[in-house]
Amino acid sequence: MMKLGVLISGGGTNLQALIDAIAAGTLDAEIVLVVSSKPDAYGLVRASEAGIPTMALTPEVYQDREQADTIIAQELKSAGAEYVAMAGYMRMVGNGLLDAFPNRVINLHPALLPSFKGAHGVLDAYEAGVKITGVTVHFANGEYDEGPIIAQRAVVVEENDSIRGLEKKIHDVEHELYPEVLQLVATGRVSIDEGGKVRIQ
């Protein structure tokens, strides 16, 4: 069973999707620690209600990003985490965390990378008028919204979609895709080849 640390910043709906998948037996993992970049994030409530240990860092700690990432890495290691899942974590991770979990920090992005990077992927795609957007799960590296892509799933943008409607479509796909991808990781089916591309058995 994969020991998983989860990083959040907000409501924690993707965290809840992972909790539900574990409870349903479709994700062979145990969430050993939830770390929030915001002390008032509702995702911390979700974690507590599920009996999962939590930790929140104040804005002052994040003034030194590398120090913050080192603290997070130490706490995740102490909790027994083997992989780290970023689930709506609105901060870029640095070497303090990436070096502690090489090729084991996984990010979820609400667009089809490499298009529409950044914190407003859904809105940027909507305003660009694209007809297809989607969700990407990838290994994080030292660049924002880069790193080897593990999986993507498309979402059709209908003519009558509002931004809120598109956001809901994206979130629905996130809640399906992320547990599925993490299950592939948990069962040892995901690897990175010498060329830096992800291979799935």
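In strand β3, Met-55 is the bridge partner of Val-35, where strands are DSSP runs of E with at least two residues, helices are runs of H or I with at least four, and both are numbered from the N terminus. This is a predicted model, in which local features need pLDDT of at least 70 and side-chain atom pairs count only at pLDDT 80 or more, while totals for chains, interfaces and linings use all residues. Residues are numbered from 1 along each chain as its sequence is written, and side-chain values use heavy atoms, with hydrogens and water left out.

**The sheet**

Strand β2, residues 29-36, is joined to β3 by 3 bridges, and the two strands run parallel; strands count as paired if DSSP finds at least two bridges between them. The open sheet consists of 7 strands with mixed pairing, in the order β3-β2-β1-β4-β5-β6-β7. Because β3 (54-56) and β7 (149-156) stand at the edges with a single partner strand each, one side of each is left without a neighbour in the sheet. From one strand to the next, the twist averages 20°.

**Helices on the sheet**

Contact means heavy atoms within 4.5 Å.

| Helix | Strands | Angle |
|---|---|---|
| α2 (residues 42-49) | lies across β1 (2-8), β2 and β3 | about 160° to β3 |
| α6 (residues 163-186) | touches β1, β4 (83-86), β5 (105-109), β6 (132-139) and β7 | about 155° with β7 |

**The pair α1 and α2**

Helix α1, residues 13-24, and helix α2 have axes that come within 9 Å and cross at roughly 15°. That makes α1 roughly parallel to α2, a term used for angles under 35 degrees. On the side of α1 the contact is made by Thr-13, Leu-15, Gln-16 and Ile-19, and on the side of α2 by Gly-43, Arg-46 and Ala-47.

Thr-54 is found in strand β3, and its relative accessible area of 35% makes it partly exposed, the class between buried, under 20%, and exposed, over 50%, with a 1.4 Å probe and protein chains only. Apart from its neighbours within four places in sequence, Thr-54 is in contact with Leu-33, Val-34, Leu-44, Ala-47 and Ser-48. The C-alpha atoms of Thr-54 and Lys-38, which lie 16 residues apart along the chain, are separated by 12 Å.

Terms used: Axes are lines fitted to C-alpha atoms, for helices over the stretch in contact, and angles run from 0 to 180 degrees between N-to-C directions. Angles under 35 degrees count as roughly parallel, over 145 as roughly antiparallel, 65 to 115 as roughly perpendicular and the rest as oblique.
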